[in-house]
Amino acid sequence: MKYQKIVMFIFILFTITNCSETNGLFGKSGADGDPFANISQSSLDYFSNEIGDTILFKVNQSVIEPEYRDVLNSQASWIKEKSISSITIEGHADEQGTREYNLALGARRATAVRNYLVSQGIPESNLSVVTYGKERPLRICSEESCWSKNRRAITIIEGSNS
Amino acid sequence: MVFFLSSTFVNKGLSQANVPELDIDVTEGVVEPIPIAFPNFITRDFSSSLIASEISKIVKNDLLKTSLFRFITENTYISDVTSIDSPVRFADWRAINSDLLLVGNVSIINETITIKFRLWDVVGQNEIFKGVQFQGPSNSVRRIAHKISDLIYSGVTGEGNYFDTRIAFISERGPKNNRTKRLAIMDQDGANLNFLTNSDSIVLAPRFSPDARKILYTSYETGKPRVYLLNLVTGNLRSFPQLPGMTFAPRFSPDGKKIILSITDNGNTDIYTLNLENNSKKRLTKNVAIDTAPSFSPDGKFIVFESDRGGNQQIYVMPSNGGSAKRISFGNGRYGTPVWSPRGDMIAFTKMHKGNFHIGVMRKDGSQERLLTKAFIDEGPTWAPNGRIIMFFRETAGVNGAPSLYTIEVTGRNLRKIELSSFASDPSWSPLLN
């Protein structure tokens, strides 16, 4: 399973390089005054789906696993390239914990991602964090296959300046 | 958006010394329910009889739920009760194996209900309390009934009252991955349900003030979890902009003058108090661990909380001004959500072990741990004001999994689900109403 992920991310990195040089995916669109003025929906979709806006965590952990560094590196590159100035990191936990602890755990996860992005050159003032604890599960079965997808941090693009 | 409600109630109780002849010990295991005869309250007119039967129904429901009482069928009664002041023919009540006899009369004049009642110990042939009278407006039927239940319960068991109380909780609707949550309040028996917020923002974990007139809770109204203080009487909603970061897990101090809560700033969660009168903030824990779910001892001298400073989630106790904390949970598994009993003797908690959740209790030094429940998720205990009963929420597993409220006695007996029309979590049991 882990190997599959790694292979997938390498593939994504390859496509980023290709796309950004050759096609119009990142073309400017949108009305003036719109915070998303220079980020098209297709561009946001690209960020979410191709780069990957989500990384996963082990049970009760907030350490960024090595396999996700490439995802976060790509996030950082894209954010810098698009001059994104408002980013929110959401931290989440699975249902196998108490409500308050999971809020604190989600905050740890979101902050770990924030700190990593800062280390990659994103200004800290452009990043905010929010924890949802176990309030917003992505998958709803009560098995590890769902829990593993719910222990996550999501990078949400809120807007850009330039 | 916040709604509010208020209630008025006139209480003219004339309670006298309680001398429980018939002593039920609710601290021990299985108890055989006490047979009680409860003839219809005496009434003079139709409107009084309607009120009387409503009160009877509520009292019976309260007492049956304790599993300590059973009501003797009326068609076996030998004696008629025509006045609460006439001598009791004890032999007639013993003949039908009754241990207790409750008699009363109800009148309603100018929208004011007056109820007088007496509880007799048929075995000892004496009164458990004499000539108690309650008076209240016609909309106070339920509160009058709960006060009667409290007198009977405390008179017979020697334990404190708990029926005239309310529950604040989170009412939940919708699928598991798109739940809406609303702050709600109801009577202890599920009646008089009112919503205090709409479903626009996630709301979590309401907590009553010691005077039962205010509620602390956490809301995502601004997009982040933040603590709010709602005054139930005035409807005033107070926020705490002076606190940084994300704030949650609030509770009142026993004197109601401070709140204790968790603040998450820069990824780290610690415990703080905030003085509600002068807004001064005090940090009680300072380390990289998660310190949360704080709860004061009833004397205000100590704080019990959970922390993963030792590697995983465990329960600690520290002085109320901070200082060195002592770990008190040492069993297998993880421990969270500690709540100090109103009596001060015990701490209720959530325990996670081998894929199950438990509600448990331990003494305040961590000794004598007992697990009361076991389920996929049992979480968030709250104490009845008499320290004998714990309410919590149980969440079922799977894609249709959802939470409901339950009560259990501290003995581990009498697990009961509170039937509601929506999912429900995060209960907070109010102190006794006045």
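Let's start in the middle: of the 138 residues in the largest nonpolar core, the ones touching the most other members are Val113(A), Ile55(B), Leu102(B), Tyr217(B), Ile347(B) and Ala348(B). A nonpolar core here is a set of buried Ala, Val, Leu, Ile, Met, Phe, Trp, Tyr and Cys residues joined through C-beta atoms within 7 Å. Buried means that 20 or more other C-beta atoms lie within 10 Å of the residue's own (exposed is 12 or fewer, partly exposed is in between), with C-beta atoms placed from the backbone.

This is a predicted model: local features need pLDDT of at least 70, side-chain atom pairs count only at pLDDT 80 or more, and totals for chains, interfaces and linings use all residues. Residues are numbered from 1 along each chain as its sequence is written, while chains are lettered from A and ligands numbered from 1 in the order in which they are written.

- Helices (H or I, at least four residues) and strands (E, at least two) are DSSP runs, numbered from the N terminus.

- Chain A has five helices and four strands, and from the N terminus on they run α-α-β-α-β-α-β-α-β.
- Of the 162 residues in chain A, 38% are buried.
- Where the chains meet, 19 residues of chain A are in contact with 32 residues of chain B. Contact means that the C-beta atoms, placed from the backbone, lie within 7 Å.
- Several strands of chain B each supply at least two residues to the side that touches chain A, among them β9 (203-208) and β13 (246-252).
- That side of chain B has 13 nonpolar, 15 polar and four charged residues. For this count, Ala, Val, Leu, Ile, Met, Phe, Trp, Tyr, Cys and Pro are nonpolar, Asp, Glu, Lys and Arg are charged, and the others, Gly among them, are polar.

**The two domains of chain B**

- The C-alpha centres of domain 1 and domain 2 of chain B lie 37 Å apart.
- Their contact takes five residues from domain 1 and seven residues from domain 2.
- On the domain 1 side, helix α1 (residues 46-65) of chain B gives the most, with three residues.

**Helix α3 of chain B**

- 16 of the 17 residues of α3(B) are buried, so this helix is largely enclosed by the rest of the structure.

**Strand β10 of chain B**

- All six residues of β10 (residues 214-219) of chain B are buried. One side has Lys214(B), Leu216(B) and Thr218(B), and the other has Ile215(B), Tyr217(B) and Ser219(B).
- Tyr217(B) touches residues including Leu183(B), Val203(B) and Tyr228(B), leaving out those up to four places away in sequence.
- β9(B) and β10(B) run antiparallel, joined by four bridges, with Leu204(B) opposite Thr218(B). Strands count as paired if DSSP finds at least two bridges between them.
- β10(B) also pairs with β11 (residues 226-231) of chain B in the antiparallel sense, over six bridges. Here the bridge partner of Thr218(B) is Val227(B).
- The hairpin of β10(B) and β11(B) has six residues between the strands, and Gly223(B) in the turn has a positive phi of about 100°.

Notes:
Two residues are in contact if their C-beta atoms, placed from the backbone, lie within 7 Å. Domain bounds come from an automatic or database domain assignment.
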